Amino acid sequence: MRSFTQADAKPMAVGPYSPNACALCRSQKRRCDKTLPSCSRCMKSKLSCDYSWNVTQTEDFPRVALSDFLLFHVPVNQDQLWLPGSFQALQPHWDNISSRRVDIDNYFVGLVMAALTEQCVSVERMLEEYFCDIHPWFSVIIEPGFRKRLSNLHREPCAETAMLLLGVFLVTGSRDQSSNDTDRTRIYQVGKYLFSFLQLQREPSLEMVQSGLLLVLCELRASRLNEASVSVGNCARLGYTLRLNIDHIQHDEESSPWDVSEERRRVWCGLYMLDRIICQVATEFRAPHAVEEADASYRLPIDDIFCYKLKTPVPGNSHPSLSTPLQVPLCYFAREIQASRILGQVQMLRRSSDADWSFEQFTVLDRTLMQFMEILFEQTPGSWAVLCGANAICLSSAITLHQDRLSRAARGAISSTDLDTSFLAITAYIKMVGDICSKFDDLEPSRKIPCVPLPAVMCTGEALLAARNLKQSYGLAFHFEEEPFQRILTYATRTWNLADEYLRRTADMTRFQ
């Protein structure tokens with residue numbers, strides 16, 4: 001882009017007319033008659049008429065920040081954001097832009113509150129829905145601290161907190177039957193713009209990563225899988241910048257309250273889990289993991305009950321970590337992270353070439369999954385709700401593991417010895433998912449959770465696709481009732497368009513069968 005210099009400025013014309021409009025007419029986008037020494041509009045208003053606005057010294061000309069350009073020059077029009085092709089039109093109006101600057105914190109708070117007011121949303125009801133429906137399986141926000149920041153938002157405006165509140169709005173609403181998807185899509189577009197602008201204006205922060213993760217959930221909710229794949233990578237970049245992947249045990253406990261360190265770990269664990277889930281569901285956008293494997297000593301989240309205490313609940317050396325044996329009981333979210341770690345290893349094996357595929361690694365993963373699922377079922381007897389978390393991720397991992405082996409053997413890439421074991425295993429896992437779906441479907445409507453957890457949607461959809469694949473490959477030798485899966489996915493579409501995407505894929509397989 002060619003910079004504006006003194007040579008670009010035209011000299012004042014000699015004669016009754018100026019070669020350019022005056023500053024006032026141009027700033028108000030009015031037609032100027034360019035009469036010298038004063039145009040008729042300025043003369044009528046008895047104002048000073050300035051034709052020399054375009055004669056600017058290079059050294060005095062301020063650089064135009066992209067953030068200023070985005071803030072004042074990117075309109076939001078339905079689903080699309082667009083940029084003019086050049087900064088050139090902005091340059092003569094730098095003084096006007098400067099006078100229109102706003103305080104970023106007040107701007108974000110005002111805009112978010114206006115959006116919530118427009119949608120007639122109660123903040124308290126929205127928070128209640130979030131911490132009841134989303135938080136149990138995606139515990140990346142510690143509730144007491146977040147509520148305290150929200151209570152001070154009008155007295156101490158904070159753009160990051162306002163952005164996080166907007167993210168909470170975007171992932172809730174499953175209980176509101178009158179929720180308008182068009183309005184939600186429009187607010188999502190505004191949220192993406194604000195999130196991008198915030199990254200330009202501010203240093204990375206924990207709330208910024210949390211907001212990004214909720215935007216990823218919103219994209220998964222709308223089945224925007226490609227966007228979710230890109231967004232989770234952006235969150236990973238912010239997380240690495242903040243060094244969330246490094247768990248400094250001694251440093252954290254000496255320099256900050258334990259809940260701050262706990263929230264940092266929760267955010268990184270949530271990012272880790274979403275990255276693995278996206279790699280599982282985004283079939284048309286294959287990308288490597290954006291989040292690397294953490295060190296085995298990295299500490300896992302602890303139960304929410306400790307978040308309301310002032311002191312750390314456990315000594316640093318006894319805090320559960322990724323190396324904690326599977327037999328040790330842990331909280332819901334920590335179990336999901338353990339399961340996501342196994343899912344990531346299954347995905348890496350699935351991505352390997354036929355030459356690099358290892359039967360030994362397959363066997364280790366298969367045994368680990370069977371052991372883990374047995375432990376999970378023993379530790380959570382009679383509770384169907386917990387089957388939606390780590391259990392669902394483990395079942396998805398097991399189905400993927402054996403389905404990959406069967407597909408490799410079918411094309412002759414690996415030995416077909418003892419394939420009956422994989423066929424029986426994947427059949428058993430699909431039946432487990434079907435039984436869970438039937439158990440949920442038999443519940444009274446008042447006892448059904450309004451928002452089916454994302455891992456459960458993934459597990460049900462993957463099981464249905466696997467059942468359809470086996471039916472195509474083995475014909476009458478494989479018969480399975482698909483209605484329980486379809487009913488649960490249909491129920492889940494009230495929250496997740498991703499569930500509808502699984503139903504669409506199944507229908508496509510039927511058409512091309």
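**Before you click.** This is a predicted model: local features need pLDDT of at least 70, side-chain atom pairs count only at pLDDT 80 or more, and totals for chains, interfaces and linings use all residues. Residues are numbered from 1 along each chain as its sequence is written, and side-chain values use heavy atoms, with hydrogens and water left out.

Stop 1: Helices (H or I, at least four residues) and strands (E, at least two) are DSSP runs, numbered from the N terminus.

**Stop 2: helix α13.** Select residues 258–281. The expected span is 1.5 Å times one less than the number of residues. Buried means under 20% relative accessible area, exposed over 50%, partly exposed in between (1.4 Å probe, protein chains only). Of the 24 residues, 21 are buried, so α13 is largely enclosed by the rest of the structure.

**Stop 3: the cores.** A nonpolar core is a set of buried Ala, Val, Leu, Ile, Met, Phe, Trp, Tyr and Cys residues joined through side-chain atoms within 4.5 Å. The largest has 134 residues, and Phe138, Leu217 and Leu220 have the most contacts inside it. Helix α18 (residues 454–474) gives the most to this core, with 11 residues. Next, select Ala21, Cys32, Cys39 and Cys49: they are among the 8 residues of a second, separate core.

**Stop 4: Arg265 and Asp247.** These two form a salt bridge, with the closest N and O atoms 3.4 Å apart. The term means a side-chain nitrogen of Lys or Arg within 4 Å of a carboxyl oxygen of Asp or Glu. Arg265 lies in α13 and Asp247 in the loop between α11 (225–241) and α12 (249–255), so the pair ties together parts 18 residues apart in sequence. Both residues are buried.

Stop 5: Select Arg504. Glu501 forms a salt bridge with Arg504 at 2.4 Å between the closest N and O atoms. Asp508 also forms one with Arg504, at 2.8 Å. Asp508 is buried at 17% relative accessibility, while Arg504 is partly exposed at 36%.
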